[in-house]
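Q: Please take a close look at one helix-to-helix packing in this structure. I would also like to know how far the model around it can be read.

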Amino acid sequence: MNSAGNGRILVAGIGNIFLADDAFGVEVVQRLRDAVLPARVDVSDYGIRGMHLAYDLLDGHHDVLVMVDALPLDEPPGTLAVLEVDLDDPGWRLRPTDVLDAPAADGHGMDPASVLRLLRGLGGSVDRILVVGCQPAVLDERMGLSAPLAAAVDQAVRMVVDIVHEEAARLDTAPKRQERSPRTADERGLPPMHETGLSEAIVEAAVRRAAGRRVTGLRVRIGGHAVDRDVVTQGIQVAAVGTVVADAVLDLVLEPMTVRCHDCGRSARVDDHLAMVACPRCGGVDIEVTGSDDVVLESITVDSVEVGAV
């Protein structure tokens, strides 16, 4: 299978942060921000935006795709596996055949198999596809990984790092292709990835909780994430089109993190505690981060009846 890539590698985290262990891929790619990776590697948190991933791959900018997700492996929870997919093989599959034969693609929640089916159906291809999967334990509506999957995150990060280094070394010896600049999200008509993922996950959670009833209002709290209020609001409006959330009034609360420096005794509010390595005032490294680092759909109002957070 030949693609029009230029020797780049994409690591894509997939999963829904509101469904416990389904957030495994998202957590792994977040940890990868601190890893030392080859220059040809791009890392992105796609969340539940599988359709965006499929269309991004149509650009042909990447020769290698590494997907990270929670997958049913018929093994104990927390078990990791690396699966190789050849889209030219008619028998390829990541899940049981009856799942692959199901109706395709809800753009608000696509597993790796659905993303690859869509990519193939659109005529796209990637030279090499690897999936780092982890057997989930809990897929209930809640935030946070179960203990077995939380314990597997560091090992998964090491696996991905090893994979991309091996693939980069292989590509270093391959014939060079003409470089071309990737299209930006604006050029593709897409909002920024982080805000888009949060917005779609919020709408999906509200739709699921409403159980078919019309939603007239929703209250959302986002803590510790560097997001733009207007972009999140617009993202929720776009994601809600055609759903029972389409006419809902949004009450959005953004809560920055607080960093307290033990060297100078001062405190400062920051948008992203993961980016903080020193006091923004004195440069001291003896700091303490406090505050909530989560995204919560606190309540929705359905036909004048308020439904509380899970």
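A: Helices here are DSSP runs of H or I with at least four residues, and strands are E runs of at least two, both numbered from the N terminus. On that count, the protein chain of this predicted model has 7 helices and 12 strands.

The packing in question is that of helix α2, residues 50–57, against helix α4, residues 112–121. An angle under 35 degrees would count as roughly parallel and one of 65 to 115 as roughly perpendicular, so α2 and α4 are oblique to each other. The crossing of α2 and α4 is right-handed. From α2, the residues G50, M51, L53, A54 and L57 take part, and they meet V115, L118 and L119 of α4. By class, the residues of this contact are 7 nonpolar and 1 polar, with no charged residue.

As for confidence, the protein chain has an average pLDDT of 78, and 75% of the residues reach at least 70. Over residues 95–108 pLDDT stays under 50, and the model has 27 contacts beyond four places in sequence for them. Residues 178–193 also stay under 50, with 24 such contacts. Where pLDDT is low, predicted coordinates should not be read in detail.

For the chain as a whole, 47% of the 310 residues are buried. Of the contacts between residues at least 6 apart in sequence, 79% join residues at least 24 apart.

Key: Residues numbered from 1 in each chain as written. Predicted model: local features only at pLDDT ≥ 70, side-chain atom pairs only at ≥ 80, totals over all residues. Heavy atoms only, no water. Axes fitted to C-alpha atoms, helices over the stretch in contact; angles between N-to-C directions. Parallel < 35°, antiparallel > 145°, perpendicular 65-115°, else oblique. Left-handed = near helix turned anticlockwise from the far one by under 90°. Contact = heavy atoms within 4.5 Å. Nonpolar A, V, L, I, M, F, W, Y, C, P; charged D, E, K, R; others polar. pLDDT = per-residue confidence, 0-100. Buried < 20%, exposed > 50% of the residue type's maximum accessible area, 1.4 Å probe, protein only.
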